[in-house]
Amino acid sequence: MSLAVVILTYNEERHIARALASIAGIATEVFVVDSFSTDRTVELARTHGAAVLQNKFVNQARQFQWALDNAPITAEWIMRLDADEVIEADLAARVGDELPRLGKDIVGVNLKRKHIFLGRWIRHGGRYPLLMLRIWRRGHGRVEDRWMDEHVVVWGGRTVTFEGGFADHNLFDLTSFTDKHNKYATREAMEVLNGRYKLFKSDVELTAKEASRQAAVKRWIKEHLYNRIPYQISAPSYFLYRLIFQLGFLDGKQGLVYHGLQGLWYRFLVGAKVAEFEAAIVHIKDRAEMRAELRRLTGFDL
């Protein structure tokens, strides 16, 4: 088996060694693509045997696609891993055993990601399992060109799902969590406005054939139903749906914090930012001028 693992980083000295250790037994090539970290991320990555490339960051999608286009990948398979994610021992064993035996008609592998928040596995509220296409055959996959919620899409065959532990376990505090999601909200607001005003080129709708069926269904519901409901109604309703009907209350005190922040505060913040940015551009007729105004407000190069 030959497997290249690609990890994007920026100031991830707290996570990078753990991530690299988790794939040490299965990766034949490891590429860390760094956005000019100011901490020990690059040093630690090289110490653990990774090849380090650096590139100016625009967004996750473009940075990862840059990695696919520029890293000297020779492996048959490629894995996308975030710096704060961990491939657990059972999944690593399954990848090592089963990946080499997959037929040529298989071009992608979905993994079941779980979220660890404040030390607790968030099992409910629709958060497990999150099926994500994270392994694909080289030459059969790319990353969607989106500002937020980008997925790997594949072609030329079908996908399968591997069982095993795959954890998103960020070790930073709540200040970091809210700061990161504030930035995510701005990016997602750009995607919502692009859907309404066609401001810039974006990928077409995600399909189950290209990625996991779960991801495609969630994308369709968000873009065709959720985003058309006033956020003052949709965000609280979504939170209550997660907490009650998807049994989020069973996740305890940590779960209440997580679902409250990620399922209510974040969704409300996205809606509020969409309203704020839309009010600033709705009177503008020229799309180039709309993009210029959003660039001024967000700092994003649209």
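Asn182 is partly exposed, with a relative accessible area of 30%. The structure is a predicted model. Asn182 belongs to helix α5, which covers residues 174-197. Its contacts reach beyond its sequence neighbours. With residues up to four places away in sequence left aside, Asn182 touches Trp265, Leu269 and Lys273. Val270 is 88 residues from Asn182 in sequence. In space, the two C-alpha atoms are 8.5 Å apart.

Helix α8 was examined next. Two packed helices are described by the angle between their axes and the distance between the axes. Helix α7 (residues 231-245) packs with α8 at an angle of about 165°. The axes of α7 and α8 lie 9 Å apart. Angles over 145 degrees count as roughly antiparallel, and α7 and α8 are therefore roughly antiparallel to each other. The two helices make a right-handed crossing. On the α7 side, the contact is made by Tyr231, Gln232, Ala235, Pro236, Tyr238, Phe239, Arg242 and Leu243. Residues of α8 in this contact include Leu256, Tyr258, His259, Leu264, Arg267, Phe268 and Ala275. Glycines also take part from α8, namely Gly260, Gly263 and Gly271. By class, the contact of α7 with α8 has twelve nonpolar, six polar and two charged residues.

Helix α8 (residues 252-281) also packs with helix α9 (residues 287-298). Here the angle is about 135°, and the axes are 9 Å apart. α8 passes α9 in a right-handed crossing. From α8, the contact involves Phe277, Ala280 and Ile281. From α9, Met290, Glu293, Leu294, Leu297 and Thr298 take part. The contact of α8 with α9 has six nonpolar residues, one polar residue and one charged residue.

Strand β11 (residues 158-169) pairs with β5 and with β6. Strand β5 (residues 85-87) is joined to β11 by three bridges. These two strands run antiparallel. Within this pair, Glu85 stands opposite Asp168 in β11. Strand β6 (residues 106-117) is joined to β11 by nine bridges. β6 and β11 run parallel. Lys114 stands opposite Ala167 in β11. In a regular strand the side chains alternate between the two faces of the sheet.

Notes
Residues numbered from 1 in each chain as written. Predicted model: local features only at pLDDT ≥ 70, side-chain atom pairs only at ≥ 80, totals over all residues. Heavy atoms only, no water. Helix = DSSP H or I, 4+ residues; strand = E, 2+ residues; numbered from the N terminus. Buried < 20%, exposed > 50% of the residue type's maximum accessible area, 1.4 Å probe, protein only. Contact = heavy atoms within 4.5 Å. Axes fitted to C-alpha atoms, helices over the stretch in contact; angles between N-to-C directions. Left-handed = near helix turned anticlockwise from the far one by under 90°. Nonpolar A, V, L, I, M, F, W, Y, C, P; charged D, E, K, R; others polar. Pairing = 2+ DSSP bridges. Parallel < 35°, antiparallel > 145°, perpendicular 65-115°, else oblique.
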